[in-house]
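Here is a short walk through one structure. Keep the sequence and the 3D view side by side.

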Amino acid sequence: MKPHRILHVLGTAQPEGAGIARMVAAIARGLDPARFQVHAWFLGTDGPLAAELANQGIAVSVVAWTNGLRDPVGIWRFSEQLRKQPFSVVHQ
């Protein structure tokens, strides 16, 4: 059986997003990797938290989407990336 793919959508890979990124890392450590594959997508630009989670074995992507609903290209990038990758759970 393939592992369930869990996606956590995080707002920023910059230090101000450290609290939620560390919670995602703690959740990932507590899950059986044979049953669950944890992914984290940061919205906006790359930053130190992306590397921190990747170093802990979490699949990390950065989606260039910076202005919320005022950024239709960012919405398109996010939806295209999401469409191409099936997830069992998407958590924001």
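Helices (H or I, at least four residues) and strands (E, at least two) are DSSP runs, numbered from the N terminus. The model is predicted: local features need pLDDT of at least 70, side-chain atom pairs count only at pLDDT 80 or more, and totals for chains, interfaces and linings use all residues. Residues are numbered from 1 along each chain as its sequence is written, and side-chain values use heavy atoms, without hydrogens and water.

Start with the pocket. Strand E2 supplies three residues to the lining of the largest pocket, the largest share. E2 spans 36-43, and H1 also gives two or more residues. The lining includes Ala28, Arg29, Phe36, Gln37 and Val38. A pocket here is an open set of points on a 1 Å grid over the protein atoms alone, where a 1.4 Å probe fits, with protein on both sides within 12 Å along at least five of seven lines; lining residues have an atom within 4 Å of a point. The volume of the largest pocket is about 170 Å³.

Now turn to the helices. The axes of H1 (residues 18-30) and H2 (residues 48-55) come within 10 Å and cross at roughly 10 degrees. Angles run from 0 to 180 degrees between N-to-C directions, and those under 35 degrees count as roughly parallel. H1 and H2 are therefore roughly parallel to each other. Ala18, Ala21, Arg22 and Ala25 of H1 make the contact (heavy atoms within 4.5 Å) with Leu49, Glu52 and Leu53 of H2.

A salt bridge puts a side-chain nitrogen of Lys or Arg within 4 Å of a carboxyl oxygen of Asp or Glu. Arg22 and Glu52 form one, at 3.2 Å, N to O. Arg22 lies in H1 and Glu52 in H2, so the pair ties together parts 30 residues apart in sequence.

Technical notes:
Parallel < 35°, antiparallel > 145°, perpendicular 65-115°, else oblique. Points joined across faces, edges and corners; volume = space filled by probe spheres on them.
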